[in-house]
Amino acid sequence: MDAIRTLDATDPAGSSGPDRSQRRRVGLLHRFANPGRFLRLAARLQPWTNALALVLTGWGLIWGLFFAPADWQQGDAVRIMYVHVPAAWLASAGYVALAVCSVLSLVWRHPLADLAAAEIGPVGAAVTAVCLASGSLWGKPMWGAWWVWDARLTSVLVLFFLYVGHIALLRAFDEPQRGYRAGAILALVGAIDLPIIKFSVQWWNTLHQPDSITLTGAPTMSTSMLWPLLISALGFSFGFAAIVLARLRAAVMEQRLRVLLLSRGNAAAGAPS
Amino acid sequence: MTHLPYIAGAYGLTLGLAAWLSMAAMLRLSRARSRLRAVEQRGGRMGGRRP
Amino acid sequence: MTRKSRRLWLLVACGIGLGSASALALDAFSANIVFFVAPSQLLATPANGRTVRLGGMVVAGSLHEAHRSGEPVAQFQVTDGQKAVQVRYAGILPDLFREGQSVVALGELASDGTFAASEVLAKHDETYMPKEVAEALRKSGKWNPKFGPAPSAASWNRMSVKTDTTRGS
């Protein structure tokens with residue numbers, strides 16, 4: 001329980017009496033609220049996510065760039081797909097992770113969820129930026145325009161601004177706990193954008209083509225292009241996880257450091273201990 | 001390869017951003033780790049003990 | 001009811017409220033969210049003098065290209081399967097423009113029924129296939145790109161494996 005109190009020390013607003021008594025009963029969920037246990041598990045996980053990210057991304061992208069066939073009408077420009085589509089999937093998946101962390105934070109007051117949300121945000125924003133930029137570089141030679149305001153492109157741009165807004169909101173408060181609360185609410189309100197992104201190409205006519213890979217139907221893509229795409233997407237996902245994991249470990253350590261220095265500062269100032 | 005500038009741009013941007021994010025995360029992690037270790041060693045009695 | 005479950009239900013209620021509000025708003029504005037109108041929609045409600053985007057497939061055999069004072073001028077018909085509209089465009093067409101391709105043209109419908117476009121974008125579909133496969137499908141008479149989208153990938157995926165290995169690429 002010492003560890004939980006370490007995190008709670010920076011969290012005067014979020015830990016009131018009844019919650020604390022419940023917290024002892026909720027075993028599984030709060031097991032990882034213990035930063036020591038989280039750090040040990042994460043340190044063991046990190047080499048695996050790193051290795052899988054490097055190997056799978058390298059494999060998928062080299063396959064896509066040099067060995068997959070060119071498209072019959074798009075030529076080699078179709079190879080942009082191997083970075084654009086994984087980035088697009090991850091932009092949405094990262095936001096789902098952000099929303100899950102926000103629920104854990106708002107309902108269960110999970111201290112690690114706040115830190116995780118704060119670390120997922122910037123990585124998600126970067127992935128969304130890659131999706132938008134690579135899509136622009138694909139759209140210019142194929143469609144004839146860098147950008148159009150159709151429902152798909154606009155809803156993904158909104159997703160980017162949601163990520164950026166989340167990052168800004170977390171830093172807008174003097175008291176971190178209030179920032180986490182506001183950020184979690186923003187993230188959950190913004191989650192309404194996810195189904196709009198997904199179904200925009202079906203609900204409205206757009207310049208962006210519909211999805212080639214769906215859960216319900218067979219892919220409308222040659223298998224010689226599908227495999228490198230799936231491998232690249234898997235590699236990108238592990239890369240996302242690896243970066244978020246490393247940032248989260250650093251964030252937990254930094255918080256522990258702050259608490260240690262604070263308590264030491266108090267002790268040095270002659271506070272009764 | 002047709003459309004080479006566009007392809008190079010998309011891949012370069014993606015890999016560049018990925019490399020930057022990874023390096024930044026690694027540096028931040030190693031700095032946090034070493035600072036935490038230094039502080040814990042300086043005053044082990046103050047709460048540096050592991051749970 | 002514990003504080004935790006009260007927070008959870010509050011969140012669920014907010015989610016339902018926000019979700020249905022957004023759904024209603026999107027439904028109400030869906031006419032403005034569409035990126036283009038089809039030829040039959042355009043002809044049913046002719047918005048004379050108003051700039052709109054017209055989307056549809058370029059009719060096979062309808063494309064006529066000419067050069068007028070150094071600038072390329074293209075004329076073609078765009079159809080949605082029900083009605084077709086004659087489009088005039090002065091400028092360079094995108095690489096993917098061809099008969100049988102979907103396009104989106106920005107412009108206005110003139111009183112003589114032709115659509116004067118100031119911008120033409122190519123809208124490719126979600127089918128991706130290697131060149132060899134497209135060639136083989138065309139030769140075997142199973143598909144002519146001029147007349148619409150490609151057959152389903154399941155019908156040619158085995159073929160693509162075969163051509164890839166014989167080419168040894």
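This report walks through the packing, the chain contacts and the charged pairs of the structure above. The model is a predicted one, and every value below was computed from it.

**The nonpolar cores**

The largest nonpolar core holds 85 residues, and the members that touch the most others are A:Met81, A:Tyr82, A:Tyr95, A:Trp138 and A:Val148. Helix H6 of chain A, residues 111-142, gives this core its largest share, 17 residues. Apart from this core lies another one of 18 residues, including C:Ala74, C:Phe76, C:Val78 and C:Tyr89. As background, nonpolar side chains tend to be buried together in soluble globular proteins.

**Where chain A meets chain C**

How many residues of chain A are in contact with chain C? There are 49 of them, and they are in contact with 43 residues of chain C. The size of an interface is often given as the accessible area lost when the parts come together. For chain A and chain C the buried area is about 4,000 Å², with carbon and sulfur atoms giving 60% of it. On the chain A side, A:Trp72, A:Trp204 and A:Asn205 supply 19% of the area that chain A buries against chain C, more than any other three residues.

How do polar groups and charges take part? Several elements of chain A give two or more residues to the side that touches chain C: helix H2 (17-25), helix H5 (81-108), H6, helix H8 (176-190) and helix H10 (223-268). H5 of chain A gives the largest share of that side, 5 residues. By type, the residues on the chain A side divide into 30 nonpolar, 14 polar and 5 charged.

**Salt bridges**

Side chains of opposite charge can pair when their charged atoms come close. The structure holds 9 salt bridges over all chains, and three of them are set out here.

| A:Asp211 | A:Arg152 | 3.3 Å |

Take A:Asp211 and A:Arg152, whose side chains meet in a salt bridge. A:Asp211 sits in the loop between H9 and H10 of chain A and A:Arg152 in helix H7 of chain A, so this pair ties together parts that are 59 residues apart in sequence. A:Asp211 is partly exposed, at 23% relative accessible area, while A:Arg152 is buried, at 11%.

B:Arg28, at 18%, is buried.

Are B:Glu40 and A:Arg256 buried or exposed? B:Glu40 is buried, with a relative accessible area of 11%, and A:Arg256 is buried too, with 11%. B:Glu40 lies in helix H1 of chain B and A:Arg256 in helix H10 of chain A, so this pair joins two chains. Salt bridges that share partners also link A:Glu119, A:Arg247, A:Glu254 and B:Arg28 into one network.

**Two backbone details**

Most residues other than glycine have a negative phi. Which residues here have a positive one? A:Arg109 has a phi near 55°, a positive value in a residue other than glycine. A:Arg109 is placed in the loop between H5 and H6 of chain A, and it is buried, with a relative accessible area of 14%. B:His3 also has a positive phi, of about 55°, although it is not a glycine. B:His3 is found in the segment before H1 of chain B.

How values were computed. Residues are numbered from 1 along each chain as its sequence is written. Chains are lettered from A and ligands numbered from 1 in the order in which they are written. This is a predicted model: local features need pLDDT of at least 70, side-chain atom pairs count only at pLDDT 80 or more; totals for chains, interfaces and linings use all residues. Side-chain values use heavy atoms; hydrogens and water are left out. A nonpolar core is a set of buried Ala, Val, Leu, Ile, Met, Phe, Trp, Tyr and Cys residues joined through side-chain atoms within 4.5 Å. Buried means under 20% relative accessible area, exposed over 50%, partly exposed in between (1.4 Å probe, protein chains only). Helices (H or I, at least four residues) and strands (E, at least two) are DSSP runs, numbered from the N terminus. Contact means heavy atoms within 4.5 Å. Buried area is the accessible area (1.4 Å probe) that two parts lose on being put together, summed over both. Ala, Val, Leu, Ile, Met, Phe, Trp, Tyr, Cys and Pro count as nonpolar, Asp, Glu, Lys and Arg as charged, and the others, Gly among them, as polar. A salt bridge is a side-chain nitrogen of Lys or Arg within 4 Å of a carboxyl oxygen of Asp or Glu.
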